[in-house]
Every structure is written in C-alpha cells, then in structure tokens.
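This report covers the side-chain contacts and packing of one protein chain. Please look over the sequence and the model before reading on.

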Amino acid sequence: DKFILDADGELKEKEIDETEEIKEKTPSYILTMELLNEGKKIKDIADLIIGDSPPELRTGKWDGNDILFATISDVKDCKYLSTTNLSLNKSATKYLKIIPANTLLVSIAGTIGKPVILTKDMAISQSFIALTNLNNVYLEYLYNLFNTFYQNNILLRYSTKTFQPNLSLTTFKEIELKIPSLSEQENSLKAIDYLNKLIFIYEKSLNQQQTMKAKLLFNVFEQN
C-alpha cells in the first residue's frame with residue numbers, strides 16, 4: 001500500500017500526510033480516543049435538536065432585535081454564548097428552534113465539533129445540534145468532553161468528506177461516549193478546574209516576564 005501508479009503509469013511512492021500521522025500518535029489523541037465507544041450513545045444521554053433558519057435569511061427581511069440567532073461565526077473562541085452577531089424579529093419565530101439557556105451546542109457544519117454553552121435563550125442555525133434534557137451527565141462535564149474531542153479533531157472523523165464538512169444528526173446521535181458516574185464526573189471537573197487555575201497562573205507569570213523583557217529591551221535601546 002506504499003506505492004501507486006502515477007498518470008504516466010510509473011510506480012511511485014504514495015505521499016503520506018505526515019501531520020495527520022504524527023497527530024494520531026500523540027498521547028493527547030490516543031487518550032481522547034479512549035473516551036469513545038464506551039457504550040452510551042449520545043441519543044441516550046440527551047434529547048437532540050438540530051437548528052434551522054428562516055427562508056431568505058440573507059436578504060435582511062427577518063432582521064430585528066427580538067430573537068438572538070446563533071451562527072457558526074459566533075462561537076469561534078468562546079465557551080459561553082450570550083450575544084450573537086445577528087438578531088431577528090418576531091415574525092421569524094415560526095421558522096426557528098428556540099433553545100433555552102444552559103444548553104450545550106455542538107457545531108456540525110464547516111467547523112465540526114465546537115461546543116458552546118448558551119447563557120441566554122436563543123435560536124440556532126442548522127450549523128448546530130443542541131443537547132437538552134441531559135440524563136445522568138453534568139453540563140460542564142459534557143462540555144469538557146466535547147471540547148477535548150474538538151481540540152483533537154475527533155468528530156471530524158465522522159463527518160462527510162466534502163468541501164464543507166458536515167456531521168449528520170443520524171451519525172451524531174449514534175456516537176458512543178464514556179460517561180462515568182456523577183461522583184466520578186464531579187472529581188473530573190475538580191481536576192479540570194485545578195488544572196485551569198495552574199494554567200492561568202503560568203500564563204500570568206509568562207506575560208509578566210514578557211512585559212519585563214520588553215521594558216528591559218526598551219531601556220537598552222533608549223540608552224543607545
């Protein structure tokens with residue numbers, strides 16, 4: 001499997017995506033894969049709602065200030081979502097899925113697997129699946145689980161291989177996850193919180209060192 005025929009019928013060595021090959025061997029990737037296929041399907045731990053959009057959305061006919069409308073551009077670098085770039089008027093309500101606050105969204109179009117927690121009621125586009133009515137799983141635990149998947153491109157493996165990747169609801173709901181007991185989830189969340197505090201302290205120290213370095217360099221050049 002290491003060789004293929006080129007356009008001229010010559011035998012040549014197949015090119016390998018070394019980045020992907022290396023990534024699949026990293027400890028992070030290997031450990032993350034162990035969180036899959038553990039017997040609890042996503043459909044068994046939550047009710048799933050896929051978003052929708054009103055017709056002719058881009059024409060501006062539904063623009064207003066009544067309903068927050070979440071699209072993929074709103075969730076690039078956030079954990080919690082409270083504001084959106086687009087708001088719609090009440091006339092669009094009949095076309096929308098209004099999702100309550102404290103719900104986890106997972107992106108399924110273009111950007112695959114990005115999780116975000118809603119802090120306000122809002123409508124969502126078809127780029128998201130909402131996980132509601134969680135069954136024996138904490139919202140924060142589920143967020144961290146999906147965020148680990150996202151950082152390792154795990155859900156991308158389940159998406160369609162098209163110009164814009166898509167993950168169907170049919171496929172998504174059948175994915176199996178490792179969901180421990182509630183007490184074990186609590187312990188995991190405590191450990192994650194502790195690690196986040198350590199990272200914050202490290203980054204703060206690093207920023208202070210960089211600031212000090214910049215000042216020292218400024219003084220050196222100023223004296224010259």
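A search of the whole structure finds four salt bridges. A salt bridge here is a side-chain nitrogen of Lys or Arg within 4 Å of a carboxyl oxygen of Asp or Glu. This is a predicted model, where local features need pLDDT of at least 70, side-chain atom pairs count only at pLDDT 80 or more, and totals for chains, interfaces and linings use all residues. Residues are numbered from 1 along each chain as its sequence is written, and side-chain values use heavy atoms, with hydrogens and water left out.

| Lysine | Glutamate | N to O distance |
|---|---|---|
| Lys41 | Glu174 | 2.8 Å |
| Lys43 | Glu174 | 2.9 Å |
| Lys79 | Glu140 | 2.8 Å |

Lysine 41 lies in strand β3 (residues 36-41) and glutamate 174 in the loop between α5 (169-172) and β13 (176-177), so their bridge ties together parts 133 residues apart in sequence. Helices (H or I, at least four residues) and strands (E, at least two) are DSSP runs, numbered from the N terminus. Lysine 43, in helix α3, is 131 residues from glutamate 174. Lysine 79 sits in the loop between β5 and β6 (80-81), and its partner glutamate 140 in helix α4; they are 61 residues apart. Shared partners join Lys41, Lys43 and Glu174 into one network.

How exposed are these side chains? Lysine 41 is partly exposed at 24% relative accessible area, and glutamate 174 is partly exposed at 30%. Lysine 43 is partly exposed too, at 37%. Buried means under 20% relative accessible area, exposed over 50%, and partly exposed in between (1.4 Å probe, protein chains only).

Next, the aromatic rings. The whole structure holds three aromatic pairs. Rings of Phe, Tyr and Trp (its six-membered ring) pair if their centres lie within 6.5 Å; planes under 30 degrees apart count as stacked, over 60 as edge-to-face and the rest as tilted. Tryptophan 62 and tyrosine 95 are edge-to-face, at 5.4 Å centre to centre and 65 degrees between the planes. Both residues lie in loops, 33 residues apart. Tryptophan 62 is buried at 8% relative accessibility, whereas tyrosine 95 is partly exposed at 30%. Phenylalanine 146 and phenylalanine 149 have ring centres 5.9 Å apart and planes at 90 degrees, so this pair is edge-to-face. Both lie in helix α4, three residues apart, about one turn. Phenylalanine 146 is buried at 0% relative accessible area, and phenylalanine 149 is buried at 0%. Ring pairs link Phe146, Phe149 and Phe172 into a cluster.

Finally, the whole chain. It has six helices and 13 strands. Of its 224 residues, 31% count as buried. Among contacts (heavy atoms within 4.5 Å) between residues at least 6 apart in sequence, 69% join residues at least 24 apart.
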